[in-house]
Amino acid sequence: MAFFEQHIHDAPKTFLSKYVISFDHKVIAKQFLWYGIIFLGIGGMMALMIRWTLAFPGEPFPVIGHFLFPNTNGVVPPDTYAMLFTLHGTIMIFYAITPILIGAFGNFCIPLMIGARDMVFPTLNMLSFWLAFLSAVLLLASLFTPLGGAAGGWVSYPTLSTTIGSPGVGQTLWCLAIFVLGVSSTMGAVNYIATIITLRAPGMGYFDMPLTVWGLWLTAILNALFLPVLGAGVMLLIFDRVFGTTFFLAGAAATSGSGDPVLFQHVFWIFGHPEVYILILPAWGIVSDLLSFFARKPAFGARSTALSMTSITILSTVVYGHHMYTTQMSPLLTQSFMMLTMTISIPSAVFFANWLGTIWKGAIRFSTPMLFSLGVVFVFGLGGLTGLYLATVSTDLYLHDTYFVVGHFHYTMAASVLLGGFAGTYFWFPKMFGRMMNETLGKIHFWISMLGLNGIFMGMMIVGYAGMHRRIYNPFVYEYLQKLIPINMFITISAITMGFGQLFFVYNFVNSLWNGPKASQNPWEVGTLEWTIPSPAPHYNFDIIPVVKCGPHEIGNPNLKGRDFQYQTEELA
Amino acid sequence: MVVVMAKQNILSEKEQGEEIISSVGMIVTLISFAMLFATLMMGFAMFRFSAPVWPPAGMTKPSLIIPSLSTLLIFLSSLCYFWYEKNIANKKGLDLTIFLGLGFMVVQAVFWHTLSSQGIYVSSGIFPSIIYAFTWIHAAHIVVALSLLLWLRFSGATVKVKQAQLRVASVGKFWHFLGIVWFIMFLTIFVL
Ligand code: HEM
Ligand SMILES: [Cu+2]
């Protein structure tokens with residue numbers, strides 16, 4: 001292993017070098033955290049507008065409706081509706097979850113948990129954040145162009161996204177924003193991969209890394225491999241829009257010499273399916289660790305959890321066709337993709353069973369991070385299982401493009417990944433800011449979110465199964481869907497409840513920054529390396545680089561005296 | 001004496017670390033770039049193999065003369081860079097690489113010009129789209145690589161020998177990579 005010790009740099013002194021152009025991975029992590037939380041708010045507002053339209057079509061959006069849509073007396077107009085669901089998806093996936101799970105926790109946890117003083121390429125890290133910032137500016141700017149922002153769905157399929165479908169500049173800016181963000185994330189990924197390979201503390205083999213780091217590492221590998229694929233796709237789309245190339249224009253190449261819209265779907269999903277695992281892997285890692293930490297037991301089968309996450313990572317690169325069953329693929333292909341997709345269930349079942357094994361007979365401490373982790377176990381179970389109905393060709397032909405799909409991916413992303421992100425936030429907040437978050441507010445936040453999101457996403461699956469399509473402005477113009485109005489109202493009310501619950505989090509987060517009780521060095525009594533240093537972590541992290549002697553989950557060993565856990569720097573008891 | 005030895009050991013360990021870090025970083029970066037070009041090639045392959053006749057819609061392939069010249073230039077530039085890497089104190093190899101790289105760009109510009117003077121524009125269908133877009137994307141990378149080469153050329157004096165070697169090796173990997181990408185594009189788009 002190529003370990004070498006990084007220098008201790010002087011602490012930055014000016015405001016600019018400390019908080020703005022910072023090279024310190026912990027500050028960059030916080031920048032990403034704020035960035036993500038702000039976009040979570042924006043995306044959440046958009047979701048509420050979508051939900052309002054579906055439950056109360058034709059009625060003005062309360063309070064801010066008249067201000068936002070003066071021409072229609074506060075009612076969300078149809079073209080804006082398309083823009084809203086497009087930007088909601090884009091923002092939540094690329095600008096909220098990615099920065100929080102990968103930008104914030106990746107940056108914060110990787111060096112601290114492997115015993116390094118910083119990332120290997122701090123400059124690249126700084127650039128990565130500011131490119132992400134630039135990308136956000138581009139995306140928000142698209143809202144103020146004459147024809148408004150992108151409206152072709154977050155997947156931006158041609159021909160909806162070529163100049164035929166969206167003539168405005170908004171879609172071009174969207175493509176540019178995604179391209180820049182892709183560059184930013186790839187830079188981050190190169191940094192994470194190189195850091196984990198080269199800067200692990202002496203004695204730390206790959207299986208001594210906490211599972212959080214495993215998850216982040218696999219995510220980084222997928223990012224480095226597949227973001228360039230999306231980059232190539234949106235670049236060609238930009239060429240089509242700006243320079244008049246014909247890659248994605250309809251018409252057979254052979255006769256008219258023009259392009260093929262379905263090519264974009266291939267490119268998008270070759271990236272897109274790994275992307276969903278890019279999002280979930282860090283959450284899996286965090287949850288696998290937290291379950292062990294709070295059940296006061298070693299993680300059950302930690303090695304096999306790591307290996308099954310690895311095999312999922314590998315398999316996730318060859319299943320993308322399950323998003324395209326309805327594009328007239330040959331049955332041979334659809335069935336191969338179906339089989340490959342089903343194969344993912346095997347490693348998924350392995351680590352899911354490991355989670356249950358970890359909490360089995362544990363002395364569980366129901367702190368807020370643990371509640372959120374248990375929440376992930378529950379909602380991910382549901383989300384993963386519904387995936388099987390979509391992976392099966394015969395059922396997917398019916399379910400494709402209905403709200404069932406929306407329910408499925410919200411269970412896996414908006415529920416599992418988001419709850420995993422919250423678990424991580426509550427857990428590492430003391431190390432990030434040196435203060436504790438309020439437990440009671442945290443628990444209220446958990447229960448309202450859990451209630452709300454199950455109401456929303458379970459409802460979505462029911463209406464989807466009943467045949468309600470996604471991305472329709474007013475589904476109730478179809479007679480057979482009119483019976484679904486009450487349940488759509490129920491979904492919207494659940495959504496408002498969930499949105500309301502997030503206020504507890506925002507208040508708790510902001511208030512604890514200044515008024516939270518001071519955190520001790522190791523408030524959760526766990527043994528990974530970040531808890532061997534003071535809270536908040538000093539700018540150099542470790543004044544002496546630790547030497548690792550045991551794994552990350554040595555908890556509840558009967559040989560231990562005085563406390564029930566041991567640090568990774570201690571000889572195995 | 002012992003102290004001095006120990007110090008030397010630490011230094012070389014640090015240097016070794018830096019070497020590994022820069023090569024790991026560069027290799028991962030190049031894999032990302034490779035995926036970008038692989039995606040383009042996949043798109044090309046889809047069009048190529050789904051069309052009954054290629055080039056489609058009665059088009060003809062552009063003459064091989066100019067692309068072959070580009071290939072020759074970029075091949076020679078990589079050779080010169082290998083020569084430079086052997087002894088980085090001697091800047092001649094680097095100068096030649098930069099010169100040939102600039103030559104490559106000039107030839108590409110001539111190529112685009114001849115295409116458009118023959119009435120083949122970006123918007124004339126899928127085959128011209130592929131030719132223009134792919135060579136543009138490649139050329140954009142060449143521009144970046146050329147500026148890195150220029151940076152090597154004019155920043156050398158201030159850094160330590162070891163660091164300079166690492167930079168030369170990293171930029172070199174990128175330059176050779178672009179040569180290989182060009183060669184693949186030349187073979188698949190122009191020759192076959
Ligand atoms: C565990 C096994 C999983 C299986 C078998 C599975 C299967 C599928 C299938 C077949 C579709 C396509 C449905 C259609 O469009 O008709 C789909 C859509 C989707 N899945 Fe999954 N999935 C799984 C897990 C996940 C996870 C973990 C995530 C994210 C964290 C995820 C996110 C998504 C998203 C975002 C879409 C929809 C994209 C769109 O059309 O807008 N899935 N899934
Ligand atoms: Cu998928």
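Biologist: Which residues coordinate the copper ion (ligand 2)?

Modeller: This is a predicted model, and in it the donor residues of the copper ion (ligand 2) follow the sequence spacing H-x48-H-H. The donor atoms lie at 1.8 to 2.1 Å from the copper ion, and they are ND1 of His273(A), NE2 of His322(A) and NE2 of His323(A).

Biologist: How many residues apart are His273(A) and His322(A), which link distant parts of the chain?

Modeller: His273(A) and His322(A) are both buried. His273(A) belongs to helix α9 of chain A, whereas His322(A) sits in the loop between α10 and α11, and the separation is 49 residues.

Biologist: How far is the copper ion (ligand 2) from the iron atom of ligand 1?

Modeller: The copper ion is held by three donors, one of them being NE2 of His323(A). The distance between the copper ion and the iron atom of ligand 1 is 4.5 Å.

Biologist: What covers the buried residues of α12(A)?

Modeller: Helix α12 of chain A runs over residues 345-359, and its buried residues include Phe351(A), Trp355(A) and Ile359(A). Their cover includes, from chain A, the helices α9, α10, α11 and α13.

Biologist: Why does His141(B) count as buried?

Modeller: His141(B), found in helix α4 of chain B, is in contact with Phe33(B), Leu36(B), Phe37(B), Phe174(B) and Leu178(B), leaving aside its neighbours within four places in sequence. Buried means under 20% relative accessible area, and His141(B) counts as buried because its relative accessible area is 11%.

Key. Residues numbered from 1 in each chain as written. Chains lettered and ligands numbered in written order. Predicted model: local features only at pLDDT ≥ 70, side-chain atom pairs only at ≥ 80, totals over all residues. Heavy atoms only, no water. Donors = N, O, S within 2.8 Å, 3.2 Å for Na, K, Ca; no water. Helix = DSSP H or I, 4+ residues; strand = E, 2+ residues; numbered from the N terminus. Buried < 20%, exposed > 50% of the residue type's maximum accessible area, 1.4 Å probe, protein only. Expected span 1.5 Å × (residues − 1). Contact = heavy atoms within 4.5 Å.
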